[in-house]
Amino acid sequence: MSGSGKVVCVTGASGYIASWLVKFLLQRGYIVRASVRDTADPKKTEHLRALDGAEERLQLFQADLLKEGSFDDVVEGCEGVFHTASPVHFVVHDPQADLIDPAVKGTLNVLASCAKTSSVKRVVITSSMSAVTQNGKPKTLNVVVDETWFSIAEIYKQSKMWYGLSKTLAEEAAWKFSKDNAVDMVSINPSMVIGPLLQPTLNSSVVDILNLINGSSTFPNITFGWVNVQDVAMAHILAYEVPSATGRYCVVERVLHYSELVKIIHELYPAFQFPEKCADGNPFVPVYQVSKDKMKTLGIVNLIPLETSIKETIESCRKNGLVNF
C-alpha cells in the first residue's frame, strides 16, 4: 500500500469530500489524523469510525478553525496535510462570520501550524472552481477555462455571492502565505461535487440535485461544472503523492446548464416530477469548457461520468433515508 506507515492529517474530516478522502487514505495504508469540530458528536464521527482500517489507523482530534494554534497538535508528526475544512453555504445571514472568517482565517491557521512543523512535506488544500471562473472574461462554448484563471473578489462582492468570495479570498491568502513561508502547497479546485454520501447529513451540492426531483416548478438559469466526490478525493491524494504536483488543479467532469441536468435526471428517473421551465425568461447562461490537461498529469485520465454521479447521488440519498420517493 502506497501510504503504509505514513502519517497524514485531514481537517474537517466529517465533511462530504473529506470523508471520502479519509476512506481512500485508510485503504492506501495511511495513518490518518482527522480533525472535527466536536469529537463527541456521533454525526461527525460514527461514519468515520466505521471505515475499514479506522480502528487501527484513524485518530480523531477536536480543532477550531478560528483558534490560532488549534491545529498544532493535529499536524505534529504528519508528512502530509489535507485542508478541507471550510463552510459550504449558499445562503447566509452573516457572510463574514458564517463563511469568510472560517474560510480565510481557518486556512491561515492550518497553514501556520504546518509552517511550524518540520515533518510536513506538502499541504493540499480544497479550493473551488469558484476561485477560478469569475474574472470578468466571457465564458462561452469555445472558451476553455484552466488553472491560470483567478477569480476577482470584487466581482463576488458586487454580486453578493458570498461563498465564491470566501473561496477566492481563502485561496489568495493561502498562496501568499505558502510563498512567504516556503510551504509546499497544492490546491484542488473542484466544481459542484456530487455522488454517494458517507456522512449522515445532506450537503449543499447534493441538495441542488434533490431540489430538481422534489416537485419544484422551475429550474435555475445557471451553468455549473459537476464532478464526482470520489474523483475529487482521489485528486487530493494524487496531488500529495505525485512528487511533481504543483500549483492548482481544476477537477471538472462536465459543464452544463441546469436544463441539461434536468434532462439527464429525467432519462434516468422518468417517473419523477420535473421542473419544465426556467426560473426566468432570459437567454440561458452559456456553457463553457474546463481543461483536463493538467489534471491528467496526476494520472487521472477518466473521470466518473456525470450520469453515473447523478444516479449515485440519488440512490445514496434513498438508501440513507434522506429523501422519500
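Modeller: Helices (H or I, at least four residues) and strands (E, at least two) are DSSP runs, numbered from the N terminus. This is a predicted model, in which local features need pLDDT of at least 70 and side-chain atom pairs count only at pLDDT 80 or more, while totals for chains, interfaces and linings use all residues. Residues are numbered from 1 along each chain as its sequence is written, and side-chain values use heavy atoms, without hydrogens and water.

Colleague: Thanks! In which loop does K160 lie?

Modeller: K160 is worth a look: its phi is positive, about 55°, although it is not a glycine. Most residues other than glycine have a negative phi. K160 is exposed, with a relative accessible area of 59% (exposed is over 50%, buried under 20%, partly exposed in between, with a 1.4 Å probe and protein chains only). Its place is the loop between helix 7 and helix 8.

Colleague: Is A182 buried or exposed?

Modeller: A182 sits in the loop between helix 8 and strand 7 (185-190). A182 also has a positive phi of about 55° without being a glycine. Its relative accessibility is 73%, so A182 counts as exposed.

Colleague: How many residues does the largest nonpolar core have?

Modeller: A nonpolar core is a set of buried Ala, Val, Leu, Ile, Met, Phe, Trp, Tyr and Cys residues joined through side-chain atoms within 4.5 Å. In the largest one, the residues with the most contacts inside it include V10, L25, W226 and I265. Its largest share, nine residues, comes from helix 1 (residues 16-27). Altogether the largest core has 67 residues.

Colleague: And what does L25 touch, beyond its neighbours within four places in sequence?

Modeller: L25 is among the residues with the most contacts inside the largest core. Counting contact as heavy atoms within 4.5 Å, and leaving those neighbours aside, its partners are V8, V10, Y30, V32, F82 and I237.

Colleague: Is N109 buried or exposed?

Modeller: You will find N109 in helix 5 (residues 95-115). Not counting residues up to four places away in sequence, N109 touches L65, L66, K67 and E68. With a relative accessible area of 11%, N109 is buried.

Colleague: Are helix 5 and helix 8 roughly parallel or roughly perpendicular?

Modeller: Their axes (lines fitted to C-alpha atoms over the stretch in contact, with angles from 0 to 180 degrees between N-to-C directions) are 9 Å apart, at an angle of about 20°. The contact includes L99, A103 and L111 of helix 5 and L165, A173 and F177 of helix 8. Under 35 degrees counts as roughly parallel, over 145 as roughly antiparallel, 65 to 115 as roughly perpendicular and the rest as oblique. Helix 5 and helix 8 are therefore roughly parallel.

Colleague: Which residues of helix 13 make the contact with helix 11?

Modeller: Helix 11 (residues 258-268) and helix 13 (residues 306-319) pack at about 65°, with axes 10 Å apart. That makes helix 11 roughly perpendicular to helix 13. Helix 11 brings L261, I264, I265 and L268 to the contact, and helix 13 brings L306, E307, I310, K311 and I314.

Colleague: Last one: what separates the C-alpha atoms of W149 and G69?

Modeller: W149 lies in the loop between strand 6 (144-145) and helix 7 (153-159), and W149 is buried, with a relative accessible area of 7%. Its contacts outside four places in sequence include A131, P138, V143 and R248. W149 and G69 are 80 residues apart along the chain, and their C-alpha atoms are separated by 32 Å.
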